[in-house]
Amino acid sequence: MTRILVTNDDGFQAEGIRALAEELRALGEVIVVAPDREQSASGHSLTLQRPLRLHEHGEGWYSVDGTPTDCVNLAVLWLLRDTPPDLVVSGINNGLNLGDDVTYSGTVSATFEASLLGLASIAFSQEVGEGASFVRSAALARRIVETVLAEPPAANLLLNVNFPAGEPKGIAFARLGHRVYQQVVVEKEDPRGRRYFWIAGTPEWRSDAGTDHEALSRGL
Ligand code: MN
């Protein structure tokens with residue numbers, strides 16, 4: 001029987017992971033192990049300075065008080081140690097994970113961790129904007145997972161899938177794009193007169209042909 005591990009970085013209660021897990025149940029056994037709160041932009045961080053707690057919320061539905069990377073480790077090396085998953089799936093993230101941003105992404109880092117553990121994996125992310133639908137994207141994710149699992153996937157397979165906000169016009173295979181300008185650090189003062197900082201800025205992308213950003217700009 002096909003077994004799929006599902007995680008994310010938006011937390012186990014996020015709309016995207018619920019829609020994804022529900023769709024994938026049609027393909028086999030689904031085990032959800034996800035952070036107990038939002039861990040977006042946690043990157044590939046691993047928690048080594050404190051113990052981790054695993055909570056079961058229902059059959060096959062767990063949360064961990066850690067990062068997506070922690071979740072994959074607990075799931076693969078402990079929870080599913082005798083019954084390894086055929087595929088690790090992460091998402092559906094609330095927001096795109098394109099180009100350079102994958103290095104910050106907890107969603108994609110969960111798939112990096114799956115690769116390190118010798119498992120095939122797919123990250124799914126949804127553009128925020130008019131027409132965005134986790135339900136539609138989850139149905140598409142199921143078709144992609146179905147295609148990938150039609151034959152046993154290569155252990156080093158890692159796909160990073162981004163859904164445009166509107167109805168996708170097709171599928172494009174793309175390489176990672178580059179940002180053209182760095183984010184900015186905003187300096188402010190708190191009510192007690194102390195300085196604080198906020199990392200901000202709108203990403204701008206170099207529109208190189210063949211990149212993920214360029215494909216998305218064409219509605220793919
Ligand atoms: Mn996220």
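A salt bridge is a side-chain nitrogen of Lys or Arg within 4 Å of a carboxyl oxygen of Asp or Glu. Keep that in mind for this tour of a predicted model, in which local features need pLDDT of at least 70, side-chain atom pairs count only at pLDDT 80 or more, and totals for chains, interfaces and linings use all residues. Residues are numbered from 1 along each chain as its sequence is written, and side-chain values use heavy atoms, with hydrogens and water left out.

**Stop one: charged pairs**

Side chains of opposite charge can pair when their charged atoms come close. By the rule above, the count here is eight salt bridges.

Select glutamate 23 and arginine 142: they form a salt bridge, with the closest N and O atoms 3.2 Å apart. Glutamate 23 lies in helix α1 and arginine 142 in helix α4, so this pair ties together parts 119 residues apart in sequence. (Helices, H or I of at least four residues, and strands, E of at least two, are DSSP runs numbered from the N terminus.)

Next, select glutamate 29 and arginine 3, another salt bridge, whose closest N and O atoms are 2.9 Å apart. Glutamate 29 sits in strand β2 and arginine 3 in strand β1, 26 residues apart. Are these two buried or exposed? Arginine 3 is buried, at 17% relative accessible area, while glutamate 29 is partly exposed, at 32%. Buried means under 20% relative accessible area, exposed over 50%, and partly exposed in between (1.4 Å probe, protein chains only).

**Stop two: the core**

A nonpolar core is a set of buried Ala, Val, Leu, Ile, Met, Phe, Trp, Tyr and Cys residues joined through side-chain atoms within 4.5 Å. Select Leu24, Phe124 and Val145: of the 28 residues in the largest core, these touch the most other members. Helix α4 (134–148) is one of the elements supplying at least two residues, and its six residues are the largest share.

**Stop three: the largest pocket**

A pocket is found on a 1 Å grid over the protein atoms alone, as an open set of points where a 1.4 Å probe fits, with protein on both sides within 12 Å along at least five of seven lines; lining residues have an atom within 4 Å of a point. Now select Asn160, Val161, Asn162, Ile171 and Ala172. Of the 28 residues lining the largest pocket, these lie nearest its centre. Which strand gives the largest share of the lining? Strand β7 does, with six residues.
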